[in-house]
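Subject: Structure handover and notes

Hello,

Please find the structure below.

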Amino acid sequence: MTSLRRRTQLALAAFILIPVAVVLSNLGTEADEIRVAAVSNATSLLSEAPFDHSDRSNFMGARACIDCHRSEYVSWLNTAHYNNRANRFEGKETSIDTKYRAITGNTDLCYTCHSLPHEERFGRRFVESGTSCESCHGAAGSETGWLNLHAVYGPNVTRMEHETLEHRSMRISRCEEAGMVRSERQYLIAKNCFSCHIVGDTNLIQAGHKSSFDSFSLIPYLLGEVRHNFHQDQRQNAKAPTLLTARQGVSPVLRVRMYFVVEQLARMHVALTNIGRLPSEDDLDGAVADSMLDIVDDAAGQLEEFAEVLLEEENTEGEVLTEDQVAALIAAVDIFTEFDDLDEQTRAAATIAAQQVDLLATEFEQLHDGEKLSVLDVEFLEDLGDPVGEALKP
Ligand code: HEC
Ligand code: HEC
Ligand code: HEC
Ligand code: HEC
């Protein structure tokens, strides 16, 4: 563990060196307006969570992004997400896919996580690509899809530099309404990762699929091979400022602090949703329910620790938060406490609890941008795992 920690510290040093104060002083009214527009939108985005990756109709595929996001595309080619073509699972006798097919008659579900949805053409199966841009940023296609709105800056051929503030905040709202998952939406991003990285389908588990992956830890992954913040500087990645840093002063350090908290809320949400989706009430004392409850338990435990530390009298920055400012965390822990004993619960109760976690997360994101959470990186940064994989350096 010690050597893991040391390496993590080195890797994270790059982020911590960015002086938060300098970044914060750039916060302008522009940023505030965008943030307000974004926040007022939050509820509509939360309604259909966790993500339904099974709707095939509106996926464009990564090629729709390549003209404008070449470096992001290249970095994606270097990730396990690109390489995980679902075709390779087909046909082996003892494989999860054969066992799953024996239970359900097909393997459509596999494709919802292991690839962009596939197409049947001429009786053959074509898998467009692996887990792709739109698996994480939301399906972009169709006439009303976000791709049509995404790079339009005003009437006629208004250039990006000439876009008005008003137009930008409208564009962002409309993209989000059309299902775009943007960098700002940290809880949404986290929830989306866990909607694939926590598996709660009973048939899949019965076929031998894992339900959760002990090695999955959000922040190290985002700092590692998944990282692709090239927009400000095509030749740097991990060390380059992101769009959000440039526009809103949200430095990577602040983002990491927010991720600490929203990651745990997202895990809780996805695991509770999975409990709510079990095929019957009987499954509540089965293995899937147990492993989902373990996840909720673990996440609640983390949140409890965060709450304690945030409410402590003294921390290095002299920052003490009020109970109100930490209320969302405490309430999430309470939800778990109610859920501790699954026997007394129903699936409907789990679904409601999942929705409550959504609301708490929204509340927390509205109240915080990471500034007041410095004690989290003081206390918990060391416990983070290594970044997973290398961030691409072109
Ligand atoms: C016509 C060019 C163009 C295309 C095509 C395009 N983008 Fe973009 N994208 C941009 C530009 C320019 C920006 C940065 C400026 C902005 O929109 O605010 C951007 C920003 C983004 C952002 C960050 C936005 C934010 O507010 O956090 C994401 C995510 C993104 N694009 C994803 C995609 C994906 C995924 C695709 C393909 C489905 C795609 N883009 C296709 C031009 C494009
Ligand atoms: C809810 C999303 C989800 C679904 C549905 C799903 N998987 Fe997976 N699967 C994952 C994730 C996430 C991983 C690996 C994550 C990691 O390694 O950290 C994985 C890993 C695997 C692995 C191990 C990969 C390796 O290289 O070792 C196999 C094999 C696999 N899945 C097969 C299947 C098959 C077959 C189906 C359909 C019957 C399926 N999966 C459905 C999410 C899913
Ligand atoms: C649509 C489903 C889906 C989403 C969304 C998703 N993943 Fe994955 N991810 C997978 C699957 C499936 C694999 C397994 C790839 C394989 O080995 O076949 C995987 C593998 C990975 C790996 C490689 C794991 C390893 O063992 O090397 C990383 C890193 C990763 N995911 C991080 C993330 C992060 C971070 C997010 C959110 C920003 C995310 N993923 C969102 C489906 C998804
Ligand atoms: C595994 C999930 C995942 C996949 C796949 C993915 N992204 Fe992203 N993307 C993210 C996350 C998460 C962020 C926010 C950055 C962060 O929190 O580290 C982001 C940020 C971005 C940004 C803003 C970067 C900046 O400089 O601020 C752009 C542009 C973008 N993605 C485009 C793409 C394109 C194009 C693809 C496909 C080639 C793609 N993404 C694939 C998860 C993903």
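How many helices and strands are there in the chain? There are 21 helices and two strands, where helices (H or I, at least four residues) and strands (E, at least two) are DSSP runs, numbered from the N terminus. This is a predicted model, in which local features need pLDDT of at least 70 and side-chain atom pairs count only at pLDDT 80 or more, while totals for chains, interfaces and linings use all residues. Residues are numbered from 1 along each chain as its sequence is written, and chains are lettered from A and ligands numbered from 1 in the order in which they are written.

The chain overall

Of the 394 residues of the chain, 36% count as buried. A residue is buried if 20 or more other C-beta atoms lie within 10 Å of its own, exposed if 12 or fewer, and partly exposed in between, with C-beta atoms placed from the backbone. Two residues are in contact if their C-beta atoms, placed from the backbone, lie within 7 Å. Among the contacts in the chain with a separation of 6 or more, 76% come from residues 24 or more positions apart.

The two ligands

A residue is near a molecule or strand if its C-beta atom, placed from the backbone, lies within 6 Å of it. For residue classes, Ala, Val, Leu, Ile, Met, Phe, Trp, Tyr, Cys and Pro count as nonpolar, Asp, Glu, Lys and Arg as charged, and the others, Gly among them, as polar.

Ligand 1 has 19 residues around it, and Cys-65, Cys-68, Cys-133, Ala-151 and Arg-182 come nearest. Helix H5 (63-66), helix H10 (133-137) and helix H11 (147-150) are the elements that give two or more residues to this shell. H10 has the largest share, three residues. By class, the shell around ligand 1 holds ten nonpolar, five polar and four charged residues.

Ligand 2 is surrounded by 19 residues, of which Asp-97, Tyr-100, Cys-110, Cys-113 and Phe-213 are the closest. Two or more residues each come from helix H8 (96-104), helix H9 (108-114) and helix H13 (186-197). H9 gives the largest share of the shell around ligand 2, five residues. The classes here are twelve nonpolar, six polar and one charged.

Helix packing

Two packed helices are described by the angle between their axes and the distance between the axes. Axes are lines fitted to C-alpha atoms, for helices over the stretch in contact, and angles run from 0 to 180 degrees between N-to-C directions. Angles under 35 degrees count as roughly parallel, over 145 as roughly antiparallel, 65 to 115 as roughly perpendicular and the rest as oblique. A crossing is left-handed if the near helix is turned anticlockwise from the far one by less than a right angle, and right-handed if clockwise.

- H18 and H19: the axes of helix H18 (residues 287-311) and helix H19 (residues 323-339) come within 9 Å and cross at roughly 150°, so H18 is roughly antiparallel to H19. The crossing is left-handed. Residues of H18 including Val-296, Ala-300, Phe-306 and Leu-310 meet residues of H19 including Val-326, Ile-330, Val-333 and Phe-336. The residues of this contact divide into 14 nonpolar, no polar and three charged.
- H19 and H20: the axes of H19 and helix H20 (residues 347-367) come within 8 Å and cross at roughly 165°, so H19 is roughly antiparallel to H20. This crossing is left-handed. Among the residues in the contact are Ala-328, Ala-332 and Ile-335 of H19 and Ala-353, Val-357 and Leu-360 of H20. The division is ten nonpolar, two polar and one charged.
- H17 and H20: the axes come within 7 Å and cross at roughly 160°, so H17 is roughly antiparallel to H20. The crossing of H17 and H20 is left-handed. The contact includes Val-261, Leu-265 and His-269 of H17 and Ala-350, Ala-354 and Ala-361 of H20. Its residues divide into 13 nonpolar, four polar and three charged.

Two single residues

Ala-266 is found in helix H17 (residues 252-276). Is Ala-266 buried or exposed? Ala-266 is buried, because 29 other C-beta atoms lie within 10 Å. Not counting residues up to four places away in sequence, Ala-266 touches Tyr-187, Ala-190, Lys-191 and Phe-194. Ala-266 and Ala-190 are 76 residues apart in sequence, and their C-alpha atoms are 6.0 Å apart.

Leu-392 lies in the segment after helix H21 (374-380). Leu-392 counts as buried because it has 20 C-beta neighbours inside 10 Å. Leu-392 and Val-74 are 318 residues apart in sequence and 8.4 Å apart in space, C-alpha to C-alpha.

Regards
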